[in-house]
Amino acid sequence: MKFLRNWELLVLPAMFVLGFLLWATIVCAADVPARAYKYRSTLIRCARVEWGLEAPVATFAAQLHQESLWRADAKSPVGAGGLAQFMPSTATWLPEVAPQVGKANPFNPGWALRALTAYDLWLWKRIKSATKCDHMAMTLSAYNGGLGWLYKDKKLAKALGLDPTRWWDQVEAVNAGRAKWAIRENRGYPRRILLVLEPLYENAGWGKGVCP
């Protein structure tokens with residue numbers, strides 16, 4: 001027993017240190033990157049032009065954090081690029097429905113911020129929901145996976161007796177046919193942005209988000 005007590009005296013502090021380091025790593029990974037602040041005023045301006053003075057800037061900041069970690073030169077393996085990680089086809093199409101964003105230029109930070117807020121609003125206007133938080137969750141789901149898939153999910157939710165106007169544990173809980181990796185990514189996208197990152201930006205003084 002004496003040997004075990006001595007062993008515990010050595011191991012337990014080491015386990016505490018390792019646990020602390022892991023906690024510190026997670027916390028640091030969720031910090032607002034310093035490079036985000038150079039885009040803050042532009043994001044606020046773009047958001048208010050599209051959404052008005054009550055624009056949920058903290059939500060858009062959280063979305064940009066998730067998309068690119070505020071790296072203007074970010075590129076994904078599937079071809080998305082820039083701060084807002086637009087696919088080339090979406091970037092080219094967007095000026096047709098939101099001409100105010102100008103010619104597609106996803107690696108230009110100013111264009112990316114205008115485009116993200118404009119595209120989010122375009123999606124928002126085409127969705128019906130019970131609350132603003134549900135509405136934004138659906139908007140983000142559509143941004144990530146396409147509006148067509150969201151419509152299919154809502155239709156399936158209604159067929160299954162779930163509420164198609166509510167995202168959390170309702171539409172969120174169904175899959176209208178996407179691959180496992182795609183549905184996992186899509187469902188995690190609104191959760192991380194609205195429940196983890198949005199409060200981070202609210203607390204850092206980036207304004208209000210949409211979820212309580």
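Buried means under 20% relative accessible area, exposed means over 50%, and partly exposed lies in between (1.4 Å probe, protein chains only). We're working with a predicted model, where local features need pLDDT of at least 70, side-chain atom pairs count only at pLDDT 80 or more, and totals for chains, interfaces and linings use all residues. Residues are numbered from 1 along each chain as its sequence is written, and side-chain values use heavy atoms, with hydrogens and water left out.

**Exercise 1. Work out how many helices and strands the chain has, and what share of its residues is buried.**

Step 1: Helices (H or I, at least four residues) and strands (E, at least two) are DSSP runs, numbered from the N terminus.
Step 2: Counting them gives eight helices and zero strands.
Step 3: For burial, the chain has 212 residues, and 43% of them are buried.

**Exercise 2. Explain why the salt bridge of Arg178 with Asp153 ties together separate parts of the chain.**

Step 1: The closest N and O atoms of Arg178 and Asp153 are 2.3 Å apart.
Step 2: Arg178 lies in the loop between helix H7 (147-159) and H8, and Asp153 lies in helix H7, so the pair joins parts that are 25 residues apart in sequence.
Step 3: Check the burial too: both Arg178 and Asp153 are buried.

**Exercise 3. Describe the lining of the largest pocket: how many residues, and which helix gives the largest share?**

Step 1: A pocket is an open set of points on a 1 Å grid over the protein atoms alone where a 1.4 Å probe fits, with protein on both sides within 12 Å along at least five of seven lines; lining residues have an atom within 4 Å of a point.
Step 2: There are 24 lining residues, and Val78, Tyr143, Asn144, Gly145 and Glu185 lie nearest the centre.
Step 3: H8 gives the largest share, six residues.

Conventions: A salt bridge is a side-chain nitrogen of Lys or Arg within 4 Å of a carboxyl oxygen of Asp or Glu.
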